[in-house]
Amino acid sequence: MTNEAANNRSPSRSTLSKAERSRILLAVDEAFEKQVAFLSELVRCASLRGQEAEVQEIMEAALHERGYLVDRQAIDTALIGQHPAFSPATVSYENSWNVIGTHIPVVAQGRSLILNAHVDVVPTGDPDRWQDPPFKPTRRGDWLYGRGSGDMKAGMSAAIFALDAIKAAGLELTASVQIHSVVEEEITGNGAAMALASGQTADAVLIPEPTDEKLIRANSGVIKFAVTVHGTPAHPREVSSGVSALEAAVRLIDHLRNLEARWNEEQNTRPYFNDVENPAALTIGTITGGEWIASVPSSCRFEGRIGFYPGDKPQDRMKEFEAFVATIAADDPLVQRCPEPLVQWVGVVQPGYTLAPGSEAESVLAQAYLDANASDGPSLEACVMAAYLDAALYTVHAGIPSLVYGPIAEKIHAIDERVSLSSLRRVTKTIALFAVEWCGVRRASDKNPAAVI
Ligand SMILES: [Zn+2]
């Protein structure tokens with residue numbers, strides 16, 4: 001990640017008094033143990049792909065309890081299949097749905113906002129390698145451990161409790177605010193795509209992914225592939241008559257490292273990506289192959305992802321990838337003995353995005369960050385993330401400025417994932433102050449609904 005100072009141009013400030021601002025911050029502090037308990041409840045749900053029902057039921061209840069208009073939104077592939085935000089779907093979404101909670105203001109005068117967070121998590125790896133069971137939220141000092149604690153159930157709790165704090169301070173937001181609790185971020189982005197395709201828009205989106213309290217200036221586009229290699233099976237007594245699909249696949253992966261290197265070299269010509277370590281980041285996530293311990297394997301399949309730069313069309317990168325595989329299939333002495341490997345697109349196919357410096361949304365967030373932390377402390381930093389983010393969909397396909405900013409977390413997608421609770425508290429405060437300044441507020445006790453602060 002590379003850092004830069006985020007835009008600190010002073011936004012037009014509301015006339016919210018210092019005392020009211022302090023009341024909001026205090027309300028975050030007062031409810032913080034409740035927030036950690038809620039976060040723990042979310043972490044306890046093993047919301048792996050296709051198993052998000054339990055956590056979404058908790059989300060639905062939490063939003064209902066707070067008086068939001070709540071919609072359980074099925075992922076309708078027939079609808080999103082027509083939308084450019086859609087990525088190839090390879091599984092049924094029967095047990096996966098979004099939950100959308102909407103605050104409808106008594107008087108709508110401000111700028112609307114979407115707070116988006118995904119509830120799906122990635123597999124844990126061997127649970128015995130964790131200090132504690134991965135779905136047993138465990139608190140140690142400043143850290144809460146558990147799969148999904150950082151990526152990104154903490155962010156979800158920040159969104160909900162930030163809005164709670166505004167209410168607890170006797171204030172009411174004067175613009176529509178939607179909480180998008182979405183599925184599928186870790187694989188296709190089709191949860192956020194569904195929310196977008198159904199017409200849910202706003203003047204800004206804030207996504208509290210774990211960003212170490214920095215703002216994401218740009219992220220990479222990503223394509224996710226599966227490659228199947230067929231060999232020729234054989235008995236050990238006549239190995240030379242066979243071709244190992246597994247060895248050919250490993251050879252192909254070695255060659256793909258050259259494609260990764262080639263795409264990485266482009267970073268010098270791309271804004272913001274100059275100092276990013278491995279922006280293309282070819283990751284081979286799974287490999288399966290072979291049928292029998294004493295046979296030359298007849299097939300092998302591996303899956304992975306590779307990144308590229310904002311502004312590039314994913315379709316062009318897919319063609320480049322397919323052409324590269326075809327060249328290896330023709331030229332490599334081992335791979336050429338197999339039928340041409342089959343490339344399939346099985347996950348996210350989306351471009352990257354850039355948050356253009358100088359937006360009002362960024363400016364308001366930078367000021368909220370200062371107000372929630374020490375106002376004489378360091379400014380909000382911006383950095384680049386070489387990974388897919390749902391923010392790309394809102395920005396690229398709907399032109400909505402997307403702010404990705406969230407807590408400090410470690411070991412996400414790894415073993416002993418954890419989130420810093422002091423960081424979560426600061427982020428919750430920043431989001432609360434951001435929402436107030438972005439959406440505008442009125443005093444809930446004011447009898448005149450038009451009496452906006
Ligand atoms: Zn995430």
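How far apart do the C-alpha centres of domain 1 and domain 2 lie? They are separated by 34 Å. The model is predicted: local features need pLDDT of at least 70, side-chain atom pairs count only at pLDDT 80 or more, and totals for chains, interfaces and linings use all residues. Residues are numbered from 1 along each chain as its sequence is written.

**View 1. Division of the chain into two domains.** Domain 1 covers 3-219 + 352-443, and domain 2 covers 221-350. The bounds come from an automatic or database domain assignment.

**View 2. Contact between domain 1 and domain 2.** Here 16 residues of domain 1 touch 17 residues of domain 2 (contact: C-beta atoms, placed from the backbone, within 7 Å). On the domain 1 side, β10 (215-219), β15 (353-354) and α10 (391-398) each supply at least two residues. Helices (H or I, at least four residues) and strands (E, at least two) are DSSP runs, numbered from the N terminus. By class, this side of domain 1 has nine nonpolar residues, six polar and one charged. Ala, Val, Leu, Ile, Met, Phe, Trp, Tyr, Cys and Pro count as nonpolar, Asp, Glu, Lys and Arg as charged, and the others, Gly among them, as polar.

**View 3. Packing of α9 (residues 360-372) with α11 (residues 421-439).** The helix axes are 8 Å apart, at an angle of about 130°. Axes are lines fitted to C-alpha atoms over the stretch in contact, and angles run from 0 to 180 degrees between N-to-C directions.

**View 4. Residues between α9 and α11.** The α9 residues include L365 and Y369. Those of α11 include L433 and W438. The contact has nine nonpolar, two polar and four charged residues.

Methods
Two residues are in contact if their C-beta atoms, placed from the backbone, lie within 7 Å.
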